[in-house]
Amino acid sequence: MSKPPDENMCFGCSPQNPVGLKLKFEQDGDVCRSYFIAGPVHQGWRGIVHGGLLATLLDEVMAQWLWMRGITAMTMEMTTRYSRSVRVGERLTVEASMTSARGRLIEMAGRLLLPDGTVAVRAKAKFLKVKPEKVKKEVPAIE
Ligand SMILES: CCCCCCCCCCCC(=O)SCCNC(=O)CCNC(=O)[C@H](O)C(C)(C)COP(=O)(O)OP(=O)(O)OC[C@H]1O[C@@H](n2cnc3c(N)ncnc32)[C@H](O)[C@@H]1OP(=O)(O)O
């Protein structure tokens, strides 16, 4: 195993990760928000964005809500409800907010909206606060 890189190589947010999503985030009161347009490489069924990719977008924005507030936490559990198909090329809005916090456990909610404001996917997730050393140690090695 090679030494983990020092720079951020997060698949969701790193500007350096060549295959990453390169998401950027904005804070709007209690909401963390990001935008994304899926391309043909993100599809499952023809023209329809892969559900796993949509879950990744939601996971990332919920995690960033915490990270931008100085909270180091990992996703422990997540459920997604896909209500509408998302098409390649649509500008998607992804939003996250906190729903509860008790000890180390933080519950988050996320939603992914189509350009007309329809909610296509909702997510609920439990995040567990961890010591920052845990995520540093577990940064995956790359060649
Ligand atoms: C620069 C980069 C920038 C970028 C930074 C942003 C990067 C974001 C990335 C996106 C986010 C991710 O994908 S994160 C990666 C995906 N997630 C992971 O890899 C996590 C893998 N899982 C783990 O490492 C572990 O299971 C943990 C850390 C989640 C928990 O382990 P632990 O610390 O040993 O915790 P454990 O003892 O099991 O449980 C702790 C407490 O939670 C309770 N608990 C256990 N299960 C549950 C449950 N389902 N619901 C409620 N509570 C629960 C237990 O009873 C216990 O309560 P009590 O006894 O304390 O009362």
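This passage walks through the overall fold of a predicted model and then looks at its strands E1, E2 and E4.

The chain contains two helices and six strands. Followed along the sequence, these elements come in the pattern β-β-α-β-β-β-β-α. The chain is as compact as a globular protein of its length, because its radius of gyration of 15 Å is close to the 15 Å that the globule rule gives for 143 residues. Taken along the principal axes, the box filled by the C-alpha atoms is roughly 40 × 40 × 25 Å.

Buried residues make up 23% of the 143 residues in the chain. When contacts between residues at least 6 apart in sequence are considered, 63% of them link residues at least 24 apart.

Strand E1 covers residues 26-28 and pairs with E2 in the antiparallel sense through three bridges. Within this pairing, Glu26 has Arg33 of E2 as its bridge partner.

Strand E2, residues 31-37, shows two faces. Cys32, Ser34 and Phe36 lie on the covered face, whereas Val31, Arg33, Tyr35 and Ile37 lie on the uncovered one.

Key: Residues numbered from 1 in each chain as written. Predicted model: local features only at pLDDT ≥ 70, side-chain atom pairs only at ≥ 80, totals over all residues. Helix = DSSP H or I, 4+ residues; strand = E, 2+ residues; numbered from the N terminus. Rg over C-alpha atoms; globule rule 2.2 N^0.38 Å. Buried ≥ 20, exposed ≤ 12 C-beta atoms within 10 Å, placed from the backbone. Contact = placed C-beta atoms within 7 Å. Pairing = 2+ DSSP bridges.
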